[in-house]
Each structure stands twice: as C-alpha cells, then as structure tokens.
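Start with the rings, then move on to the contacts beside them.

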Amino acid sequence: ILTLFTIVLFVADVVHPQAEKLWQHQLGCYECGMPFLAVTDSGYTYIAHMWSGDLAIHKFDPAGRFLWEQLYGSGGNSATRPLAITVDEAGAVYISCAFDPDCDLLEPHVHEFVTVKFTSDGALAWQQSYAVPNTFQEMGVRDNVLTGDGYLYAYGSTGPIYATWPPDPDNPQVDSRMVLLKYDAITGNLEWSQESNFGGYYTSPCMDFGSGLVVGQNGDVYTAGIVIKDEGECFDPQENDTTYWTQLAMLLTHHGSDGSLLKVEEYTQGPSVPCNPEYYGFFPRVRNMVGDDQGNLYAVAACSTSAAGNVHHLFKYNSSLSLQWVTEMESDITTNQTDLLVDRAGDIVFASQWGAFKFNEAGAQIWSGQGGSIVGCDGENNLYVGRPYSNAIDYYDHSEVDPYPEWSVESPGRHIWNMYVDDLGQIYTTN
C-alpha cells in the first residue's frame with residue numbers, strides 16, 4: 001500500500017490573525033505507519049516513519065529544503081516501527097521503536113525495544129535494543145525524554161508474555177510489563193532498566209499500558225500507565241474476547257535517578273466500570289503526562305464507557321506522588337485521541353475530540369473551546385488546537401475567554417498526525 005503524507009509549516013501573524021503556508025513537502029511510503037515529528041529550536045525538522053518494515057528518517061532545514069534521508073532496519077519479514085522521537089541542541093535525533101524480527105511468526109517470540117541515535121548530518125551514532133521474550137505482539141516504547149545532563153529515558157510496555165504456548169486454558173500464565181530504560185545519550189550505554197508488573201498484583205490475562213514519562217529537575221523519573229485488574233474477565237487478544245473489564249487502575253511510579261523504585265501510587269476507577277473494548281479507545285490508557293516547574297505532575301486517563309460516551313479523568317499529583325485533585329469529564333462522543341500541556345502561565349490545557357479545556361493549578365476550569373486533540377502554545381502563551389479529523393488548526397488569544405477561535409486554518413491532507421508550535425507561532429504539522 002503506497003501511502004502519502006504531507007509535512008507543512010504555517011506561520012501565524014498574531015497582529016493580523018491569519019496563517020500563511022511557508023512550505024510543504026509530500027512523502028510517499030510503502031506500508032508506512034504513523035509519522036512522528038521533532039523540531040529543533042533553530043527550526044530544523046525531522047520526520048520518522050516506517051517504510052516497508054524499516055525505519056525511515058528525513059531532515060529538512062528551516063526553509064523546508066530537504067537535507068537527508070536514512071533507512072534503518074533488518075528487512076525481510078521484520079518491522080521497525082517508530083513510536084517516540086526527540087532531538088538535542090546539537091541536532092542529533094533519537095528514535096525509539098518497537099521491533100518484530102518476524103511478523104509472519106504467529107506464536108510468541110522475542111520482540112525488542114530499539115532506540116537509535118543519528119547525528120545532525122545523518123550518521124548512525126549508536127543503536128541499542130532491549131529484548132522481551134515470549135511475547136505475542138509488539139507494544140514498544142511510547143515516550144522518550146532527553147535531559148539536559150545527557151541522558152535519554154524511554155518508557156513503554158510489552159505485549160502479553162506467555163510462560164507456555166499454547167497456554168493452559170485453566171492457568172494461562174500470561175503477563176505483561178511496563179519497561180523503563182535509561183541510556184547515556186552520548187555513548188548509548190544502558191545505565192539501568194526497570195521492568196515491572198508490580199509484584200504480580202495485576203495478573204493474567206490483563207495487561208499493563210505504559211505511556212507517560214516525566215523526568216524531574218533532580219533526575220527523579222515518574223511514569224504513568226493503566227492496568228486492568230483481574231477481578232473479572234478481561235479482553236483476551238488470542239480469543240478476541242470482548243467481555244467487559246471490571247476494574248481499572250492508573251499507576252504512577254516514582255523512581256530515583258539510579259532507577260530505584262521509590263513509590264507506586266494507584267488511583268482505582270471502580271469497583272465496576274463497563275469499559276467496552278468494541279469501541280474507540282478500547283485500551284483505556286493514560287494519554288499523556290506532563291510536569292510543571294514546581295515538580296507537580298498532571299496525567300490524563302480515559303475509558304470508553306459505551307458506543308456514545310467517554311469519561312476522562314485529569315489528575316494532579318505533587319512530586320511525592322500525593323494526589324492533589326482529580327477532575328472527571330464526560331462526553332457524548334467516543335474519542336481515542338487526547339493531548340495535555342502546561343502553558344506558560346502554569347495553567348493546564350486538556351484537549352480531546354469533543355472539546356478543549358483549561359484548568360488552573362487548583363483544578364478549577366477557567367476556559368473551554370472547540371474540540372481538538374493536539375495542542376500547542378507559542379511564546380506569548382497563545383493556544384493552538386489541532387482538530388485531526390477536521391484537518392484544521394484553531395487559534396485562541398491568551399487574553400480572551402471566548403470559546404470560539406479567532407481564526408482557523410485548514411491543513412492539507414486528511415488527518416493531522418502531529419503538530420508542533422514554536423515560540424514565534426510557527427506551526428509544523430504532519431498530515
């Protein structure tokens with residue numbers, strides 16, 4: 001399948017509200033997955049996606065001129081799927097991937113979390129892999145963070161791991177784990193790894209989903225994920241069983257800079273929650289987690305409750321993982337895309353397909369706007385909300401409380417995958 005996606009740079013003039021397209025590139029790829037976008041402070045753009053099973057990376061200069069392209073992978077029946085990307089001040093790019101060495105093998109086998117670093121001129125600096133044996137499907141790294149002291153952290157979750165195959169129907173012994181990795185960003189050496197299912201408290205055949213990562217100023221590491229507690233039947237990917245899950249929990253972990261587990265904080269949604277996996281968002285994940293300058297953490301969890309509704313929870317924790325407040329939001333539409341940021345005033349912006357919301361640090365809602373599930377903020381604290389399925393971007397002035405945008409612009413293509421807004425109000429998207 002030949003797929004086309006488009007990279008677009010808009011510039012927003014906040015004096016005369018409009019968005020002028022500066023440059024656009026269209027890339028074609030064979031059997032490519034979702035593209036991932038990273039932009040340096042000086043305006044260099046990196047795009048990572050899968051091309052016929054391999055990882056492809058493209059770089060463009062601030063004027064949109066193509067600079068280089070690199071491919072990384074093993075070919076054959078393997079798949080190297082990018083899931084997280086970041087760049088450093090020197091222009092080196094770090095990409096974390098899920099790697100399946102044999103996509104045709106329909107039984108549990110080794111999958112890997114692969115992280116690669118390319119220099120600013122496209123040379124492969126290092127590559128590292130972390131193997132997960134006896135798993136049925138890839139999950140992979142969902143987030144990576146580069147710190148100012150030269151370390152790269154990667155966080156994600158495994159697929160279901162089987163002790164025996166085929167599994168014993170009376171005692172399947174299926175596990176899944178959250179994985180946290182710390183690398184030296186210069187050499188690629190693995191400093192430490194943490195792999196946990198939290199003592200088996202969450203058991204087969206339910207699964208853990210890790211997808212939120214924050215590194216504090218003191219080097220402490222915080223992760224967020226959703227676990228499905230085994231107090232009833234769970235979704236079994238082998239049987240395609242769509243019975244209801246009975247209890248969900250969000251777990252936040254606090255690790256020291258040496259990887260030691262300092263605390264696990266659980267917020268349980270239950271005791272009985274009818275989360276139906278037939279609908280969008282059937283994996284009820286933490287969609288995002290962010291931190292502020294004071295060391296507070298904000299996390300979002302979502303659960304599809306029916307074909308016509310969702311419940312989202314926004315949490316605030318302090319640096320000791322003590323819950324400060326939680327806000328529940330309901331919707332009359334399903335949504336499987338959300339985003340979260342802390343703006344320059346310290347307010348929290350949460351966006352999903354049915355609406356965008358702003359809360360102050362005390363948890364009080366102070367603004368709401370049109371639906372959209374990607375958010376960005378410029379140097380003057382103006383807000384940009386991307387509406388992926390409408391393929392549009394809405395602009396809100398930071399001094400206004402109007403729920404309607406001052407202007408909107410359509411982006412080429414059919415779906416906005418990524419959006420980045422720089423301090424000048426320039427908007428980068430992949431579509």
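W367 and Y396 are both buried (under 20% relative accessible area; over 50% is exposed, partly exposed is in between; 1.4 Å probe, protein chains only). This is a predicted model: local features need pLDDT of at least 70, side-chain atom pairs count only at pLDDT 80 or more, and totals for chains, interfaces and linings use all residues. Residues are numbered from 1 along each chain as its sequence is written, and side-chain values use heavy atoms, leaving out hydrogens and water.

Rings of Phe, Tyr and Trp (its six-membered ring) pair if their centres lie within 6.5 Å; planes under 30 degrees apart are stacked, over 60 edge-to-face, the rest tilted. The count comes to 13 aromatic pairs. W367 and Y396 are edge-to-face, with 4.9 Å between centres and 75° between planes. W367 lies in strand β28 and Y396 in strand β31, so the pair ties together parts 29 residues apart in sequence. Strands are DSSP runs of E, at least two residues, numbered from the N terminus.

Y395 and W407 are stacked, because their ring centres are 4.9 Å apart and their planes are at 5°. Y395 is in strand β31 and W407 in strand β32, 12 residues apart. Both Y395 and W407 are buried.

Y395 has a polar partner too. Its side chain and that of N382 make a polar contact of 3.4 Å (N or O atoms within 3.5 Å; within protein, one must be able to donate a hydrogen and the other to accept it, and residues adjacent in sequence count only if both atoms are side-chain atoms). N382 sits in the loop between β29 and β30. N382 is buried, at 1% relative accessible area. A polar atom of its side chain lies 3.0 Å from the backbone nitrogen of H398.

Note on methods. Helices (H or I, at least four residues) and strands (E, at least two) are DSSP runs, numbered from the N terminus.
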